[in-house]
Amino acid sequence: MQRLSDVISRHDFGVLGELDPEAAIPFLGGQQAQGDVIIIPAKMIRDSTRLFGASDPIPAAGVAVVPAAPGRHEHRLFADRGPCYWARQIVVPPGLTIGAVTVPAGSLAVLAHEQHGFTGIAPGAYVIRRQREYTEYTGPDEHISRRQRLIYD
Amino acid sequence: MPAMISELSPSQWAQVARLREEWITTAASCGAADREAAEAAISSIYRSVGRPPPRFVWFDGPATPSLVCMLQRLVRHPVFPGTGRPIAAVIRESAWFSRGLEPSLARALSNALGPDLRRALGRVILGAATGRWRAGPLMDVLGDWLSDQGDDVPPGEPGVAAGGSLPDGSLGGPLEESLLGYVPRWVEDCLEVAAGGVAGEILGAYPMWQLAIPEISLRYPARDISRGARFDGQFDADWIAFFDIPRQLGLVSYPESTSAWLDDWVTLARSCGWWWPYENVCIVSGRPSILRTDSALQLHNADGPAMAFGDGLAIYCWHGRVVPAWVIEEPTTERIFYESNVEIRRCAIESRGWEAFIGDLPGVPATAPDPGNPGQQLRLYELPPRGSGWWYHVRLLVCANGTPEADGSRHLFGIFVPRHITDPVGAAAWTYGLTKKQYLRLERRA
């Protein structure tokens with residue numbers, strides 16, 4: 001079992017000091033949520049993203065799956081051990097799916113967030129989605145339909 | 001030099017605690033800047049890098065300097081792209097200046113910067129210096145000092161606290177963290193607000209800027225501006241204290257010139273706010289007029305701005321998070337419902353009070369265990385039907401963060417879901433576009 005401090009030591013990514021450095025970071029092959037982002041095993045869902053798969057090697061600096069902005073924290077995907085692959089899904093109009101991740105056998109990936117810490121990802125193929133809510137239309141920013149808006153933390 | 005820092009005596013620990021309190025007071029102090037002391041210290045720093053002392057331009061807060069620093073990047077574009085209108089006219093007309101900031105900037109620009117604006121602001125002499133200065137001779141000295149303590153002390157984490165703890169337990173953890181580790185967050189947050197407000201007001205009115213000048217990032221105005229040299233004055237207290245406290249305790253003796261250099265920084269921390277050094281001019285911000293924190297020393301004020309400056313910049317914070325003013329001033333249930341940022345919404349609900357907020361909601365929530373989040377419940381509230389507003393069509397799902405806070409508590413979040421969903425797990429599943437059956441397979445929530 002890996003600890004938070006082990007994972008931190010391998011990546012250039014700051015998490016809040018109040019997170020417990022001894023906290024276990026399990027590397028799971030199932031469905032996992034990290035705040036407003038969810039990692040779904042591709043075989044669980046019917047989603048065109050799984051058909052395209054992930055082919056871009058994740059660089060050492062990681063990939064900002066959800067980029068940071070004032071008041072919003074980024075979710076950054078790292079290859080934790082061995083090569084891992086990523087593909088951003090460009091969907092017009094935008095939906096919940098933001099991309100696909102492939103972790104080959106023998107590799108591990110982590111998704112990092114300043115407040116949530118790390119989510120360990122075991123070998124497998126996954127789709128990453130964001131979270132939405134049902135709300136009044138306030139403008140094109142963050143809205144995926146007239147009554148649905150992406151949320152962020 | 002002492003053999004092992006962990007052998008600090010109880011009286012030395014008491015001294016550390018006292019010095020720590022002094023430095024926290026310094027970092028959090030309000031009131032007028034000591035301009036004379038600050039100018040002397042900055043002049044000394046200029047001389048130490050082989051430059052004559054600059055002229056000084058003082059501002060009452062960081063908002064105006066942030067704008068000035070942004071403008072220096074734009075002087076290549078004396079007219080606004082697409083409009084042909086002079087930058088000065090646009091600035092004058094922006095709403096931000098109508099709030100009383102124009103005189104200070106105009107005076108400063110005409111009197112102090114004047115014809116030198118392009119030359120002085122265009123060349124940022126210390127652009128690359130920040131890292132070098134912070135990790136320069138002082139760090140080398142401290143690194144040597146640390147390496148004398150044994151090979152197992154990691155750099156940047158002095159062994160001061162490793163082998164002992166304060167008798168009264170008031171200073172736990174590594175010294176670096178215990179001292180003032182929270183300060184840099186203030187700095188970035190405040191400048192982000194300052195520059196974000198400026199950029200938003202000006203650039204927001206002229207969105208073509210975004211296209212015409214790609215190096216200006218609307219999303220990161222503060223980071224963009226601060227890419228040049230910026231030092232934080234009293235908010236540099238964390239690292240200055242880090243080097244100063246061992247010196248005051250006699251645990252380390254720096255070379256004389258290095259020690260004198262540190263003295264300049266100590267003086268700055270005690271006399272001014274942020275400062276932006278340029279070739280001939282140094283822009284300096286005054287200290288805050290208000291600065292309030294919670295018991296964890298995070299910026300926080302439930303009754304007004306947590307930080308304010310003489311130039312009118314006011315920053316509202318809820319336990320360290322920068323929030324819009326209404327979150328503190330008027331956190332009504334209606335405003336909370338209209339807020340799109342769940343973090344700000346959470347702060348607003350806490351500001352309003354969860355009990356009061358939920359008290360506005362009718363009925364008893366439907367509850368269910370939160371998948372992947374052991375011990376936590378999902379709660380689905382029906383919202384009060386008021387008129388024909390959109391919220392008539394939603395329910396509020398209240399869920400707990402997967403990661404506990406330092407005190408073991410959980411942050412609660414409220415997310416709106418369509419009213420036709422009556423099952424809490426089904427509601428949570430909907431937010432990710434999943435079915436209830438799929439969502440029940442969630443293994444872990446971080």
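Colleague: In which sense do S4(A) and S12(B) pair, and over how many bridges?

Modeller: This is a predicted model, in which local features need pLDDT of at least 70, side-chain atom pairs count only at pLDDT 80 or more, and totals for chains, interfaces and linings use all residues. Residues are numbered from 1 along each chain as its sequence is written, chains are lettered from A and ligands numbered from 1 in the order in which they are written, and side-chain values use heavy atoms, with hydrogens and water left out. Strands (E, at least two residues) and helices (H or I, at least four) are DSSP runs numbered from the N terminus, and two strands pair if DSSP finds at least two bridges between them. S4(A) and S12(B) run parallel, and the number of bridges is 3.

Colleague: Which residue of S12(B) stands opposite A:Gln31?

Modeller: A:Gln31 falls within strand S4 (31–34) of chain A. Its opposite residue in S12(B) is B:Leu442.

Colleague: Which strands stand at the edges of the open sheet?

Modeller: The sheet has 7 strands with mixed pairing, in the order S6(A)-S9(A)-S10(A)-S13(A)-S5(A)-S4(A)-S12(B). Each edge strand has a single partner, so one of its sides lacks a neighbour in the sheet. These are S6 (56–57) of chain A and S12 (442–445) of chain B.

Colleague: Which residue of S13(A) is the bridge partner of A:Ile38?

Modeller: S5 (residues 37–41) and S13 (residues 124–130), both of chain A, pair in the antiparallel sense over 5 bridges. Within this pairing, A:Val37 stands opposite A:Arg130. The partner of A:Ile38 is A:Arg129.

Colleague: And which residue of S13(A) is the bridge partner of A:Thr97?

Modeller: S10 (residues 97–103) of chain A runs antiparallel to S13(A), joined to it by 6 bridges. A:Thr97 is partnered by A:Arg129.

Colleague: How many residues of S13(A) are buried?

Modeller: Buried means under 20% relative accessible area, exposed over 50% and partly exposed in between (1.4 Å probe, protein chains only). Of the 153 residues of chain A, 59% count as buried. S13(A) is mostly covered, and its buried residues number 5 of 7.

Colleague: Which three residues supply more than any other three of the area that chain A buries against chain B?

Modeller: 46 residues of chain A are in contact (heavy atoms within 4.5 Å) with 36 residues of chain B. Buried area, the accessible area (1.4 Å probe) that two parts lose on being put together, summed over both, comes to about 3600 Å² here, with 50% of it on carbon and sulfur atoms. The three in question supply 17% of chain A's part and are A:Gln31, A:Arg132 and A:Tyr134.

Colleague: How many residue pairs are in polar contact between chain A and chain B?

Modeller: By the rule for a salt bridge (a side-chain nitrogen of Lys or Arg within 4 Å of a carboxyl oxygen of Asp or Glu), this interface has 0. A polar contact is a pair of N or O atoms within 3.5 Å; within protein, one must be able to donate a hydrogen and the other to accept it, and residues adjacent in sequence count only if both atoms are side-chain atoms. With both residues at pLDDT 80 or more, the count of pairs is 20.

Colleague: Which element gives the most residues to the side of chain A that touches chain B?

Modeller: Elements giving two or more residues to that side include S2 (24–25), S12 (117–121), S14 (132–134) and S16 (148–150) of chain A. The one that gives the most, with 4 residues, is S4(A).

Colleague: How many residues of that side of chain A are charged?

Modeller: Ala, Val, Leu, Ile, Met, Phe, Trp, Tyr, Cys and Pro count as nonpolar, Asp, Glu, Lys and Arg as charged, and the others, Gly among them, as polar. The side of chain A that touches chain B has 20 nonpolar and 14 polar residues, while the charged ones number 12.

Colleague: How far apart are the C-alpha atoms of B:Gly402 and B:Gly372?

Modeller: B:Gly402 sits in the loop between S10 (394–400) and S11 (412–418) of chain B, and counts as buried because its relative accessibility is 15%. Leaving out residues up to four places away in sequence, B:Gly402 touches B:Asn373, B:Arg410, B:Arg445 and B:Ala446. B:Gly372 is 30 residues away along the chain, and the C-alpha separation is 8.2 Å.

Colleague: Which side chain does that of B:Thr333 join in a polar contact of 3.2 Å?

Modeller: B:Thr333 lies in helix H17 (residues 333–338) of chain B and is buried, with a relative accessible area of 4%. The side chain that joins it is that of B:Arg352.
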